[in-house]
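Here is a short briefing for a reader who is meeting this structure for the first time. Please look over the sequence and the model before reading on.

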Amino acid sequence: MNNKAGLNIDGQTFELDTIVGSEGEVGIDITKLRAQTGAITLDSGYGNTGSCTSRITFIDGEKGILRYRGYDIAELAKKSGFVETAHLLIYGELPTSEKLSAFSKQLTRYQLIHEEMLHHFEGFPSTAHPMAILSAMINAASSYYPTLLEKREERFDNHAARLISQVRTIAAFSYRKAKGLPIIYPKSNLKFSENFLHMMFSMPGEDMDINPDVARALDLMFLLHADHEQNCSTSTVRMVASSKANLFASASAGVCALWGPLHGGANQAVLEMLEQIHAEGDDGSKFLQAVKDKTSGRRLMGFGHRVYKNFDPRALIIKEQCDKVLAQLQVSDPLLDIAKKLEEIALADEYFVSRNLYPNVDFYSGIIMRAIGIPMDMFTVMFAIGRMPGWIANFKEVMEDPSSRISRPRQIYTGPTLREYSPIGERS
Ligand code: ACO
């Protein structure tokens, strides 16, 4: 490869540099394109645009590969845990036992939100969506830590630990508030996912028996969601960070981007879809017919992915986990049967096969969460808890990159050309 790419515009040839990633992916460097040619590129939805170079996560969508810092997701799922993986993502290496213990201690130390923040919960109506509460509370939390604005590099480790730990506390508190239940504080002797279950489901004065299989399944779900390179919410976090906004403001923006049903909101949308199919007495076949009819406006939620044109490797792990959890909890869920039927029909159907539409991570995660007792409107919140280390790692990468510039795309304007202002009485 000669490290150059040619571009011909109106008979004039321009030479552009190329950059090759560590896994062989080729990018054409267009940073000087406008200066050299006057033209810009247009790539709606950014399907062909690399917005950055990154050392954090590698995906090969054609082969169904996902790696965090070089480690395969299936190996991490089997051998690691969420907290260790969070360290890996943020600091680039698997921690030694001393480092892991120090990191876990930080998470425990910062797990309590500022007591005054409890007043903010009072302001939300009981109908508030937990994602609205989460993004608002993460942003509000920034006002309690002035060092987020000054000395931010020096205090990064503390703020990162605070955010990973507190997002879980805020999530559980918002659930309790919505249910009108007393708030349960975290316990220092519990591990990350156990503590979340304790804050969600304990009663004051009572010790809850935490099912280790459920805690492990939850931990695995967080791990599988921990990063996914330049998806919509992570790109949002990087974009906000590029303006040098603080870590909490950037993460809060990530939560908002995640909320949409085409992104993190898909896990809730999958369950709603399965419930609707079940309520209509359909086994999934009628629904799939409707999906294929583009005028119906329906999509098979939990299927398809911008990057994976083969199986989403996380979906394979989560499907296996789903069967395990349901068996352990002795839950028989008709929605799981519908999901399996939908998958079976879709994977043999020309419409889905020809468009490379496979189940994504959200297709089965909702069924696990339902079995654990997580309410449907909390599903995307669970995704946000898991994704926090990835957002933080990406924020750190932006902040540490000396060549980082504010993200400011251009556009091709297609509106009216210059026209004269007409007085109100002369307008038709
Ligand atoms: N059901 C039915 N048809 C679909 C689906 C689906 N789930 N997904 C894509 N298609 C079709 C489109 O209609 C389009 O068909 P066409 O070529 O005949 O017009 C073709 O497949 C390509 O789809 P696009 O929308 O162009 O694909 P894009 O990469 O923009 O979208 C997305 C990816 C948003 C994930 C899409 O597949 C989708 O809407 N899936 C359902 C929502 C979902 O599960 N989102 C979670 C994503 S994973 C995550 O965020 C964790």
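This is a predicted model: local features need pLDDT of at least 70, side-chain atom pairs count only at pLDDT 80 or more; totals for chains, interfaces and linings use all residues.

Residues are numbered from 1 along each chain as its sequence is written, and side-chain values use heavy atoms, with hydrogens and water left out. Helices (H or I, at least four residues) and strands (E, at least two) are DSSP runs, numbered from the N terminus.

- Three strands make an open sheet in the order 1-2-3, and their pairing is antiparallel. Two strands count as paired if DSSP finds at least two bridges between them.
- Strand 1 and strand 3 are the edge strands, each pairing on one side only.
- From one strand to the next, the twist averages 35°. Axes here are lines fitted to C-alpha atoms, for helices over the stretch in contact, and angles run from 0 to 180 degrees between N-to-C directions.
- Strand 1 (residues 4-9) runs antiparallel to strand 2 (residues 12-20), and six bridges join them.
- A5 faces L16 in strand 2. G6 stands opposite E15 in strand 2.
- Strand 3 (residues 26-28) pairs with strand 2 over three bridges, in the antiparallel sense. I19 has G27 of strand 3 as its bridge partner.
- The hairpin of strand 2 and strand 3 has five residues between the strands. There, G24 takes a positive phi near 90°.

- Another open sheet of three strands has the order 4-5-6, with antiparallel pairing.
- Its edge strands are strand 4 (57-60) and strand 6 (71-72), and each pairs on one side only.
- Strand 5 (residues 65-68) and strand 6 run antiparallel and are joined by two bridges. Y68 has Y71 of strand 6 as its bridge partner.

**Helix 3 and helix 7**

- Two packed helices are described by the angle between their axes and the distance between the axes.
- For helix 3 (residues 82-91) and helix 7 (residues 156-179), the axes come within 12 Å and cross at roughly 140°.
- That angle makes helix 3 oblique to helix 7. Angles under 35 degrees count as roughly parallel, over 145 as roughly antiparallel, 65 to 115 as roughly perpendicular and the rest as oblique.
- Helix 3 passes helix 7 in a right-handed crossing. A crossing is right-handed if the near helix is turned clockwise from the far one by less than a right angle, and left-handed if anticlockwise.
- F82, A86, I90 and Y91 of helix 3 meet F156, D157 and I164 of helix 7. Contact means heavy atoms within 4.5 Å.
- By class, this contact has six nonpolar, no polar and one charged residues. Ala, Val, Leu, Ile, Met, Phe, Trp, Tyr, Cys and Pro count as nonpolar, Asp, Glu, Lys and Arg as charged, and the others, Gly among them, as polar.
- Helix 3 is mostly covered, with eight of its 10 residues buried. Buried means under 20% relative accessible area, exposed over 50%, and partly exposed in between (1.4 Å probe, protein chains only).
- Among the buried residues of helix 3 are F82, T85, H87 and L89.
- Just after helix 3, G92 takes a positive phi of about 90°.

**Helix 13 and helix 15**

- The axes of helix 13 (residues 285-292) and helix 15 (residues 334-347) come within 10 Å and cross at roughly 50°. The two helices are therefore oblique to each other.
- Helix 13 passes helix 15 in a right-handed crossing.
- S285, F287 and L288 of helix 13 make the contact with L342, I345 and A346 of helix 15. These residues divide into five nonpolar, one polar and no charged.

- Helix 14 (residues 313-328) and helix 17 pack at an angle of about 20°, with their axes 9 Å apart. That makes helix 14 roughly parallel to helix 17.
- Their crossing is left-handed.
- The contact includes I318, C322 and V325 of helix 14 and S365, I368 and A371 of helix 17. Its residues divide into eight nonpolar, two polar and one charged.
- S365 lies in helix 17 (residues 362-372). S365 is buried, with a relative accessible area of 0%.
- Not counting residues up to four places away in sequence, S365 touches M221, H225, N267 and I318.
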